[in-house]
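Subject: Structure for you to look at

Hi,

Here is the structure I promised to hand over. Please open it beside this note, and I will go through what turned up.

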Amino acid sequence: MSDAHLSARRLDEGGSPVDLTDEPIELGDREPAAGPDRPDVPARRRRSAVVVVLAIVALVGVGALGSWGWRIVQQKDARLTLPEQVAGLRQDSSDRAASTADYLRSGLAADIELDSSFGAVYQDPADARRSVLIFGGTTLLWQPERDLESLFELMADETAAVTGLRGVSPGRLGGVMKCGSTGGEGGDFAVCGWADHGSVVLAMFPGRSVDESAGLLRQLRESMQTRD
């Protein structure tokens, strides 16, 4: 017995025909389409991501500002004293040294407004040609590195430009310390300085290398500087 062709079979033998509409059939857990009552989902996600990023940036900014403020509190009340002897050097109290120190101090005070300033010459007992000239002062400095660079520019006005300027370790007292070299009547010599939120100091080291001068300035600083 053969079957009739499928196309010839009557539809009324089975159930009612499926009612197909023009609306698309949704399959699975797809996102609802955007419409007047539903905001665009990708756009909503992008806005959420932006909010998260802005929150992170704000948090980082607040942390950086807090760190900067804490450094100011720690460093702002600096005191500088001049010991008679330090790091194998002896303070020169001669009239010539006093005149030189006063000249350096006056030049600094004219360039940076300070609460207190000083200038001094330290003799090396082993070699008078390796005397150290040091000058600086104390005040509240908002941008220590900028003020230190102003001192190096002051040096360039008085002698030759300071070349090879580079950052060196400031030691346990923090802040910023830089060294370079310049020329004078006695030949090239090292120039180093430090600055923090409470003090700025520059020193000249005839007859010494930059590396030796950086180490010597750290010793001088630790003997000279205290904080309230």
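A polar contact here is a pair of N or O atoms within 3.5 Å; within protein, one must be able to donate a hydrogen and the other to accept it, and residues adjacent in sequence count only if both atoms are side-chain atoms. This is a predicted model, in which local features need pLDDT of at least 70 and side-chain atom pairs count only at pLDDT 80 or more, while totals for chains, interfaces and linings use all residues. Residues are numbered from 1 along each chain as its sequence is written, and side-chain values use heavy atoms, with hydrogens and water left out.

Let's start with threonine 138. Its side chain makes a polar contact with the side chain of serine 116, at 2.6 Å. Threonine 138 belongs to strand 5, residues 132–138 (strands are DSSP runs of E, at least two residues, and helices are runs of H or I, at least four, numbered from the N terminus). With 9% relative accessibility, threonine 138 counts as buried (under 20% relative accessible area; exposed is over 50% and partly exposed in between, with a 1.4 Å probe and protein chains only). Leaving aside residues up to four places away in sequence, threonine 138 touches residues including Leu80, Leu114 and Ser199 (contact means heavy atoms within 4.5 Å).

The rest of strand 5 is worth a look too. Seven of its seven residues are buried, so strand 5 is largely enclosed by the rest of the structure. Val132, Ile134, Gly136 and Thr138 point one way, and Leu133, Phe135 and Gly137 the other. Isoleucine 134 is the bridge partner of alanine 120 and stands opposite alanine 203 in strand 9.

Now for the open space. The largest pocket has a volume of about 870 Å³ (on a 1 Å grid over the protein atoms alone, a pocket is an open set of points with protein on both sides within 12 Å along at least five of seven lines, and lining residues have an atom within 4 Å of a point; a volume is the space filled by probe spheres set on the points, which are joined across faces, edges and corners). Of its 30 lining residues, the closest to the centre are Thr100, Leu133, Phe189, Met204 and Pro206. Helix 2 gives the largest share of that lining, eight residues.

Best wishes

Technical notes:
On a 1 Å grid over the protein atoms alone, a cavity is a set of points where a 1.4 Å probe fits but cannot get out, and a pocket is an open set with protein on both sides within 12 Å along at least five of seven lines; lining residues have an atom within 4 Å of a point. Two strands pair if DSSP finds at least two bridges between them.
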